[in-house]
Amino acid sequence: MCRILSYLGGPVLLDDLLYAPDSSLLNQTVSAQMLAMLNLAGFGMAAWDPASHEPQAPYRYRTTQVAVFDRNLKELASKLRVGALLAHIRGVPLTSTVQVNDQNVHPFRFDGVPLAMAHNGDLAGFRDMRFDLVPHVRPEFARAISGSTDSEWIYALVASALPDPGAVNAPEAILAAIRSALATIRTVRERHGIDRSSSANLIFCDGTNLVAVRYTFDFGRFAASQMQGSAEFLSMWYTFGADYGLHDGEWKLTGGAGQADSILVASEPLTRDFATWIEVPEYSALVVRNDGARRFAEIHALEV
Amino acid sequence: MGDVLQESAQLSAVPPHARAELAAACDRFTIRRGEALFRQGMAADALYIVAGGRLEIAARIPGDTMAAVSLIGPGEVVGEFALLDDGLRSADVVALADSEMLRLSRARFLALLADGKPWTLDLIDMLRGLVATRTRATLARIAATARYDLSSLRSPAKGGATGPGGDAAPLFTALGRLAGLGDDGAALLVAAGSCLTVPRGTLLAEAGAAPDRLTLVLRGALRSTLPRPEGGEQVMVHGPGEMTGLVGLFDGAPQPLGLEAAETAVVLQVPRAHFETLRCSPAPHALALFAAAGRQLVRDQRRANRHLGRAVSLARFNRHGAA
């Protein structure tokens, strides 16, 4: 499994998002609150800095190091202020059959495609079903797949279903592409007789819009010998406010929901005290859109 | 202070002699106006009963603002989750006036329960009923609010053909939430119920249905929904090892939510008559089942509160700057 963090709002120091809170993303490398697993197989991020050259293009960083030991990331985080962020730490089974390499580090973002994606979960039987996904992936994206993860294929399916993958798409179009990709995966799973619980918690961000998906195929279906991680719906939480920072000894978004314009979405709250965090509902997407003047957030049912 | 317990409407289901023993087991103290009894997110280590005074229950929501939940006064119980599960406090409780309080610590209660004091069983059954009542009230608040995104509603589930679920007993072995039942307890429960396979999208019960059965999820998932004119509003999803139908079973009123299969599910349905038999039984598997029911009630109340908090906070977020 993995952990994801995404942010959209007023510029904040990257260090305050990645390192400072008591259950920050990097602390979740070894001590996640809601996952009994280590996340040691790499760190990656796409970070949009509104003050940077070509602000619509994110700064990208990826490493297969355990990021808590990465001095370069720490130095960068102390300088970069971001208005949007999609960051991910990768957790994999502790076995030599897993490929830990640059190509498998999230978030995924093909050249020329503004939309980036990170995944928490795994698709059971993926090695059997992936070749059936090829007809649903545009040839240029099929050629761009360079890693071995199910996640990159999910991303390729979504990117292929976008009306204009090279542009910043409207949230409705992103959501429609996600539905299309999930429906394709469901169909292929059925064709292969795969009915084991498989999580697809996904966060998409293009620097303007954010779509957070909490979804599991065949949730709760597993053999007794394979129950690990299958009896609980993988978590995803969000919070919003006007001002992200250290308030009363706690890192949080304050200022009241009525004055809010910044939103944090993560696999789990960034603080031990999660009173101001709320879960994204199961089988749903949280869509954060920007109409040019301000942001709106909506919950969409995902029935595919 | 003992009179307050004898006159408490919330404690009316507890026999008078049991209320006297409860009063004797509690510590007494005064909380001053403006002081917090406890804060959201703190470890829950005790149940409290208001002997005199007035307190406010409020929860923090996104944006770090408070949403009032309710006011409580003499004879009312607060912090009862502490005796039912081991989660954190779900709200702030602050005194609005100098208040006299009774405190029953979790450690003391569990020791008395282990000693087999009969009143502890009366009390914990009452507390489960109280949580069911609170959940029904929260669901009524959710139903009364028009704060929901049309996009979040789902097409109504349809009636579908359920089939036999096969041998349910082996499916219990992987369910941590019901581990206390043991193999023998699981077998007894299976013998008293009906095991069904329910295809994805099948309606199991309409909102307002009679509370005539307990439904245990063994595999797959069920969804509890609130009917809206435009579709179903998902309030909870129940995975393996979870129970549904507890609110109606504990308070006797029609079920507040509809129930459908979110995934193809294998469920065990236990008739209400057997549920009531177990509710009064000191048998180990009955005690284990009802301990799990208490945890489930708390879990569902937390989910209902979270659902309400989500609706309130999203509405505030989206109103920002609007005319």
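A residue is called buried if 20 or more other C-beta atoms lie within 10 Å of its own, exposed if 12 or fewer do, and partly exposed in between, with the C-beta atoms placed from the backbone. With that in hand, welcome to the figures. This is a predicted model, in which local features need pLDDT of at least 70, side-chain atom pairs count only at pLDDT 80 or more, and totals for chains, interfaces and linings use all residues. Residues are numbered from 1 along each chain as its sequence is written, while chains are lettered from A and ligands numbered from 1 in the order in which they are written.

**Figure 1. Chain B and its buried residues.** Of the 323 residues in chain B, 48% are buried. Chain B has nine helices and 17 strands (DSSP runs numbered from the N terminus: H or I of at least four residues for helices, E of at least two for strands). Its radius of gyration is 21 Å, close to the 20 Å from the globule rule, so chain B is as compact as a globular protein of that length. That radius is taken over C-alpha atoms, and the rule is 2.2 Å times the number of residues to the power 0.38.

**Figure 2. Chain A as a whole.** Here you can find seven helices and 16 strands. Along the principal axes, the C-alpha trace of chain A spans about 50 × 40 × 35 Å. Buried residues make up 56% of the 304 in chain A.

**Figure 3. Two packed helices in chain A.** Helix 6 (residues 150-161) and helix 7 (residues 171-191) of chain A pack at about 130 degrees, with their axes 8 Å apart. Axes are lines fitted to C-alpha atoms, for helices over the stretch in contact, and angles run from 0 to 180 degrees between N-to-C directions. Among the residues making the contact are A:Ile154 and A:Leu157 of helix 6 and A:Ala177 and A:Ile178 of helix 7 (two residues are in contact if their C-beta atoms, placed from the backbone, lie within 7 Å). The residues of this contact divide into seven nonpolar, two polar and no charged. Ala, Val, Leu, Ile, Met, Phe, Trp, Tyr, Cys and Pro count as nonpolar, Asp, Glu, Lys and Arg as charged, and the others, Gly among them, as polar.

**Figure 4. Where chain A meets chain B.** In this view, 39 residues of chain A are in contact with 39 residues of chain B. Strand 16 of chain A gives the most to the side that touches chain B, with six residues. That side of chain A divides into 17 nonpolar, eleven polar and eleven charged residues.
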